[in-house]
Amino acid sequence: MSEHPPQEEPLTPVPEDMVPPPKSGMPQFQPPPAVSPQPVQVPEPSPGPPSAPVVRRRNPARAVLIIALATLLLAGAGGGVWWFFFRGNGGAAGHELLEGLREEPTVAWEHRISQETDIAGVPEGMLVAPDLSKGEKELVMLDWADGSRKWAVDVSSEIRESAYAYLGTELPDGFVGVVIAAAEGERSLLVYRSSDGQFVRRLELGEGMLLMGESGALYQYEPLSSAIGQVKISRAKSIDDFDTKEWSVEVGIEPGDGQVKVLERNGHADFCLVGQSGEPGHCLLSLSTKDGSKPSWYQDNSSFIEVNGVIIASDADNNLTAYDEQGQRLWDQARASGALHVMGDALLVSENEAAAVERLDPRTGQSMWRADWYAGYFTGFQQDGKTVVAYTHPAFHAGVADLATGSVNLTEYPVEEPPRTMFRTADGDLILVDGKSESVKLSSVRPGEPGIRWTKGFDAYRQVEQRDKRLVLRDTDSLAVLR
């Protein structure tokens, strides 16, 4: 993959910040960076569990649903096909804003781990999975304040026959889980209460995975052996009702890979690809939460977004069609290239590497304004009533945009190389990960305000990731929590 995005990109709402992970199963993000809660390694990946799927730069309008099905079927037992979906990316905790970090961070505490140890963050603490290759048998919860053990559960009886184990975080608040898998690929999810480690129940996943809606409903994906490209999706009302599915449907999909989130809205479950900021991008499938049927407006081989109650679908030829909540067509529009961005109730179209950005009225398709921002692709999000945009090439710029007028106060920041990735703080700062340093080097900027607020290096660590509301440093045999 080249350092810069391709010159010609089909018009889709796919996030511009997603790139393939390294083989370690810990995603490594190369430029262009993103506002990201995900792990970042610098600069080389380390060996570990099988790799996990993320979205590659492609035309998603040609897919009904992008999931790592082909990899799963080819690998058979395929240890880590669904790894990325479970590795600290589920639930709201995976995309919280960072606490503190107004000043240079320091190490709050350290903990010894093995290179393959899986961790996840929840409000109650940091969850550490047993590393079967090291003979570990305990699931441990560490206190965020000082790293002390809050509780530990011996899971040796459950994992005795397992080929591997990793954390399952796609669960309602208050629950954590461990996914265990046999050599033949069958998986089970052991559910525990995050407050005290009390065992709740065991969920049988087959060779599939789970996604959770905001209602607490669980959606189970199971690849079908009858044909490549067929998946069964089932809906369970809750953990307690997991064995009694409300409905099951078979869906044809295009083999590929992607990180997916379920959005329950307007009586439908929309299966959407997720940007590294944790916010959904374009969606690839919509099913009724009542019976699993597809809405009248939905067409195969298309993708869609929703903004301010309007559904905007993009087909394989980059034609846009807008529908209201009842499925009535509102407008059509053809565009040769570009990218869609949704920020609150605003629909923006950027023109590939050009500086032009245009805001469209979702209900009419008419242009509300057109402005020149900066030549390149941008990452954008809303926080505290502000719309923040950041560009990474050819120089790093960030600022605040006025979506009513299209004006933007972009500021160029003196960084030698584009940041490898970025994290967001609750105070509105961006924490940049140096794209050149071989160890972890962090800097803080306030979008639209000149200058670097602080810079801090951690020479003993080569990887940084967000867990719940904290930044965690990792090396081959230890981790450190920052404050």
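Let's start with strand E22 (residues 319-323) and strand E23 (residues 329-334), which pair in the antiparallel sense over five bridges. Two strands count as paired if DSSP finds at least two bridges between them. Strands (E, at least two residues) and helices (H or I, at least four) are DSSP runs, numbered from the N terminus. Within this pair, Leu-320 stands opposite Gln-333 in E23. Five residues lie between the strands of the E22 and E23 hairpin, where Gly-327 takes a positive phi near 85 degrees.

Now for what we are looking at: this is a predicted model, in which local features need pLDDT of at least 70 and side-chain atom pairs count only at pLDDT 80 or more, while totals for chains, interfaces and linings use all residues. Residues are numbered from 1 along each chain as its sequence is written, and side-chain values use heavy atoms, with hydrogens and water left out.

## An open sheet of four strands

Further along, four strands form an open sheet with antiparallel pairing, in the order E28-E29-E30-E31. Its edges are strand E28 (378-383) and strand E31 (411-412), each of which pairs on one side only.

## One disulfide

Taking a disulfide as a pair of cysteine sulfur atoms within 2.5 Å, the count comes to one. Its partners are Cys-272 and Cys-283, with sulfur atoms 2.0 Å apart. Cys-272 lies in strand E18 (residues 268-274) and Cys-283 in strand E19 (residues 280-288), so the pair ties together parts that are 11 residues apart in sequence.

Which hand does this disulfide have? The torsion about the S-S bond of Cys-272 and Cys-283 is about 85 degrees, so the disulfide is right-handed. Buried means under 20% relative accessible area, exposed over 50%, and partly exposed in between (1.4 Å probe, protein chains only). Cys-272 counts as buried because its relative accessibility is 0%, and Cys-283 counts as buried at 1%.

## The chain as a whole

Stepping back, the protein chain has three helices and 38 strands. Of its 483 residues, 60% are buried.

With contact meaning heavy atoms within 4.5 Å, 50% of the contacts between residues at least 6 apart in sequence join residues at least 24 apart. The chain exposes about 18,400 Å², and carbon and sulfur atoms supply 44% of that area; accessible areas come from the Shrake-Rupley method with a 1.4 Å probe, and for residues only the protein chains shown count as cover.
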